[in-house]
Amino acid sequence: MIERTHAGKPALITFTSDFHELVIGDLRPDNPVTLRYDPKRIIPQDENYLFGDSKRPIIAHVQFGKGKPESSQVLISQIGIIENPVNDPTGHRSVLTARFDIPADAEELIVWFSYLAQSGEMHYDSDEGANFRFGFASDDITVLDATVVSDPQTPYSGFAVTVAANDKIEAISVRYRVVGDPTFGKNEKPLQKTGQHDDEGRSIWEVAGLTVPYRATVRFKIYYWIGGQRYKDDDSGHYYLAPQPEPVKAPPPPPELARAAKAWK
Amino acid sequence: MSIPFVTVRNFTPNYGDWTPLGAITSVNQTGNVFTLALAGGCTLQISFLSASCFRVRFNPTSGADYSVETSSAVVTRALGSVNLTIIQNTPQALIIDTGAMQVHIDLQPYRIRVFRGSQLISADEPTYNLVYIPGQRVIANFKTRPDGALYCGFGEKAGAQLAKNLFTMTQFNYDNFLYTNAPLPPGNQAGPLNPSEALYCSVPFLIEINRSPGGDFAGPAYCYGLFFDNPAQSYFNMGSNDYSIMDGKYYFGALFGDLDYYFFLGDQVVDVLGQYTTLTGRGPNAPDYSGLMPPKYVFGYHQGGYGYYDRNILEGVANAYRNSQIPCDGLHIDVDFQDNYRTFTHSEIKFPNPKDMMDSLHAQGFKCSTNITPLLTSNVFDENGQQPPYTQMQAILQMGGLIYDTRAGQGPNPNLFVGAVSYGSNPGTNPYHYPPLVPNQYGVTPLGASGYYPDLGRAAVRAVWGQQYAHLVNDIGMDMIWQDMTCPALAGPPEVADPQWGPVKTFPLDLMVDNGVTYVPDAVCHNEYVLFLLRGTWDGLNTLRPGVRNFIIARGGYAGMQRYAALWTGDSGSSWDFLSINLPEVLNLGLSGVPITGCDIGGFGNDSGCVPYANGAPGDGGSPPYVVNGEIQGGVCDYELLTRWMQLGSFLPWYRNHYNGYTKQFQEPYRYGEPVPTHCRKYVELRYRMLQIYYDAMYEWTQTGMPIARALFLNDPADPQVYNHLNDQFFVGKDILVAPILFQAESLPNPIQPVRTIYLPAGSNWYAFKDNQAPLDSPITGGQTLQGVFAGLDEVPIYIRAGAILPMRSMVEQYVGQLARNPLDIAIYPGPDDDYTLYQDDGITTQAVTQNAYRTTRISHRAVPDGTSVQLQRLHNAYTPPEPFYYLRLLATAQPSTVTIGSAPVSNVGSAAALATATSDAYFWDNTLQATVIKVFDTAADVTITALFGS
């Protein structure tokens, strides 16, 4: 099993000014999620908007499944009112935030945003009306293995991925690139059910023999479908790698560290 | 256990469940230490470090052990002799006389007051003073804020005012890009004008100055310093009624740790600074070379750029500086230098054969730094997409020196803590690869890395950390280290430190780290991580390269950082607001014990003072950069702002232009059209000719703690008017008053005249600085405000105190040491007798400390009948400068009748040209400048030059 980069960390979704939606941490039911939102996505370009001004609220709307009740919150500035917010397409700088608790029975996270412009027109940021839909990849998908098999007799290697997935998942594909070789471009291939199951009873899916350069390192992410809806698992933006790098082997932590941590009340 | 960041409005010792200490049940004295017992089992300790310094320490847990010292800021507590006289020791009060002050400790209930003679100097609030919440760790102390008292210091703080009266501030090291990225109370205006912003460097030290005390404090002027030695998030509310009534009082406090503060009494501010910097480290007697004079080139001009991403660009900048004849000493190369963000490495693709490159730059007179962050990347790929070992990370990993993901209140975790750092994004200007990162569909690549952090509170980890500089220092010849992301700055993973405020961009505050004594949550020692980092770097550099003065320029610090590093004030933006805070920020850092500081000239990031991109989009950072053929088009700092900033920076200790080349087209002054290069060159050249003055002022700091750049009251404390002119004029050293233009004028849509008022302190006469281009005007009597002083874009108003002695260099150098000989030209301004200490050494080796190889010379001038006499007396004489002679320039004189050196008459050679070629002592009278210029061969340890002007 390939452990997720930020396993166990709280979920955070950043909506960047260049219209990416970046999920990091464990997005799953019965946990909180913080939405980070760049207002440039929704404020009309000709409007003189003051970042963080509570009199001009941007509303985050969420649903936890199609047809389920909607809840909403005003996005707030944790960093005060800013006259000249920084443009940062990575979403690390000036963003508004809101925090929601995902209920235990949530099926997915559906998000959209609204803003009443000074002109009186209501603006939406809703993925062209489809709304932004996030699956709970931490629960839905586990990448069990990813390999690049090389045969010295051939100039190519074979890339393979094996995944365990909830039974509600209808289809899975892998999108991959070769690290350090921009000429390879990106490719996407479907995985197939093997008919086998893991210890938790989840179906095993796999794809193998995908041709890549000899002894290449492959970077990939997983797409999967539930109810016809596509969701993404890109390991919190880190992407998965094949073959897996050697894990970092740290010496065990000193006993006094554990004692001090436990003693802290 | 989640531990939150707490904004200034949510730290509320003036409200809620806080309780004062109350009655003291007993007092126990051991030597100079008094232990006061409280009814609940807690104790408080008061100890005396000198006749003018005492320390108060309180931990709100029963049975606290005060024998354990955890401070990383303090280097010595032996500040002077202590001879205490107990005036009273009763159940009601303990009164202790130190000889310099009386400390009254009321016991029923507890309260401390300090008297100088019969004059009250400092007082706790009567009953509600030292407060805490039983069962918690929070502590605070309320003191009376007398009318008329000014408060300054506080380390690195935003705001356009030097005095921070009525503001509330927090000390919490934070990566606060453009000063708009740290949590603030709702409704607060973010940005450089708000002192409540958490910034990169925390020095919880204040100075109270009371020039005309009244009421209970009536008496002569006084000042005192208060150092709250607590590296947790701490607070100073200097009278802000933000959540409660704070009229007539102030408080300081913290979320964790001891209420541990030092009180320094002084008649003058420099008395306080001397004590504080002795406590936290200053001068060649400080341990491990800390406090050593920096390399002389540090006081030259520097240029940095995020986006100097390959050798061609860097060498192009170097060549352009030399071709443009704008002097420059330092080039600062960002993380672009590294092999795919592997700290301590270089990129062989981008900077091939770096030793050869560095040798070439050295031959041109440049010294270089590169960026070293505490993050050790976990990215297995190098820049080629291969996976070679990352030896520097492995060295620290294998000795168990990386921080584990162990959290307060939880069990052990064998996993390492993984954080991330953001380096912004590459809009398509940088063609190199950073595997596995790839551009998005718009051609933009987010830049950054994830990785591990060294646990630098452990001495053994610091030692291994320091060894990792070997490649940069010994193999490549890197001169300086640029220590960045020191808070440390994190971009992820998402640590929801506070349900209300969300992620805080540094270590999770419950992450267990070593504080030098034991493991504690980061929240307890957050602000001193940078101090451990700087110490590890400093010790490493000195081990790897002994014999040479090393230098660190850091973005962040804690009290005591001056032992290891200089500071730049973080990621400023190109705006007039940032220019307006540059001066008070640097002055306050000087008043916090940090002598070498400065702002990124022109602003690092894009802000309101940037011109639009070439496609018409605003260039202020609110729009993506406009890129054509791999180059940003526009978004540069406005020409007037850049020029005024280059002028101000010329007079501040750290003089570096630095910018983000991924969002701005350029910021080097030579890239602008005329007259910008000419105007900037003028003040860079002046900086180089004044370099000896900065060097001497630095030496003075090592002896006294007196800053290089000084608020007016440091030199003229007796003049009550100077306290009204603290924000936009200042001194370099003792006698050079600088009044820069810090506001927009000619580039406004409706231009205004660049005119300002200037206050000239009372008690001295003043001369407008003419830089030997014209004879002096008549002196101006001090104690008056000049109205409507015009300063065109090529001018900075400068005034020189009558009687001043200014050792300038005769010639402009393109870098320090370009000329084998550059004689001093020592200007003597007419006026009262005065003296000056000149410090000379080789400027680069450690011999000044290890072999005492330096020279100090006292230059003094005094009036004699019909003339002036100048004495140069070597006080310490173990270094010989390369120049065989120097010039004395007596300004505003008639033609002398005689000039003698000792008793020997000196001949008048009649012209500057003849004087230049004279091979023995000589002089001439410059009729145009009305100055007597004397060439003195530097052969005598004690020489007196006399010029008489009688008929």
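In strand β15(A), A:E206 is the bridge partner of A:Q192. That bridge belongs to an antiparallel pairing over three bridges between strand β14 (residues 192–197) and strand β15 (residues 203–213) of chain A; two strands count as paired if DSSP finds at least two bridges between them. Strands (E, at least two residues) and helices (H or I, at least four) are DSSP runs, numbered from the N terminus. The hairpin of β14(A) and β15(A) has five residues between its strands, and there A:G201 takes a positive phi near 85°.

A word on conventions before we go on. This is a predicted model, in which local features need pLDDT of at least 70 and side-chain atom pairs count only at pLDDT 80 or more, while totals for chains, interfaces and linings use all residues. Residues are numbered from 1 along each chain as its sequence is written, chains are lettered from A and ligands numbered from 1 in the order in which they are written, and side-chain values use heavy atoms, leaving out hydrogens and water.

**Two domains in chain A**

Chain A is assigned domain 1 (11–134) and domain 2 (140–242), with bounds that come from an automatic or database domain assignment. Taken over C-alpha atoms, the centres of these two domains of chain A are 31 Å apart. Seven residues of domain 1 and six residues of domain 2 of chain A take part in the contact, where contact means heavy atoms within 4.5 Å. On the domain 1 side, the elements giving two or more residues are β2 (21–24) and β9 (132–134) of chain A, and β2(A) gives the most, with three residues. That side has three nonpolar, one polar and three charged residues. For these classes, Ala, Val, Leu, Ile, Met, Phe, Trp, Tyr, Cys and Pro are nonpolar, Asp, Glu, Lys and Arg are charged, and the others, Gly among them, are polar.

**Where the chains meet**

The size of an interface is often given as the accessible area lost when the parts come together. Here, buried area is the accessible area (1.4 Å probe) that two parts lose on being put together, summed over both.

| Interface | Buried area | Share on carbon and sulfur atoms |
|---|---|---|
| Domain 1 and domain 2 of chain A | about 460 Å² | 40% |
| Chain A and chain B | about 5200 Å² | 62% |

Between the chains, the contact takes 53 residues from chain A and 74 residues from chain B. A:Q78, A:R93 and A:W264 supply 15% of the area that chain A buries against chain B, more than any other three residues.

Which side chains meet in a salt bridge at 2.8 Å, N to O? They are those of A:K9 and B:D405. The rule finds two salt bridges across the interface of chain A and chain B, each a side-chain nitrogen of Lys or Arg within 4 Å of a carboxyl oxygen of Asp or Glu. Helix α2 (residues 255–263) of chain A gives six residues, the largest share of the side of chain A that touches chain B. By class, that side divides into 26 nonpolar, 15 polar and twelve charged residues.

**A sheet in chain B**

Chain B holds an open sheet of nine strands with parallel pairing, in the order β32-β31-β29-β26-β22-β21-β20-β36-β33. Its edge strands, β32 (597–598) and β33 (600–601), each pair on one side only. Within the sheet, four bridges join strand β21 (residues 330–333) to strand β22 (residues 367–372) of chain B, which run parallel. One bridge links B:G330 to its partner B:K367 in β22(B).
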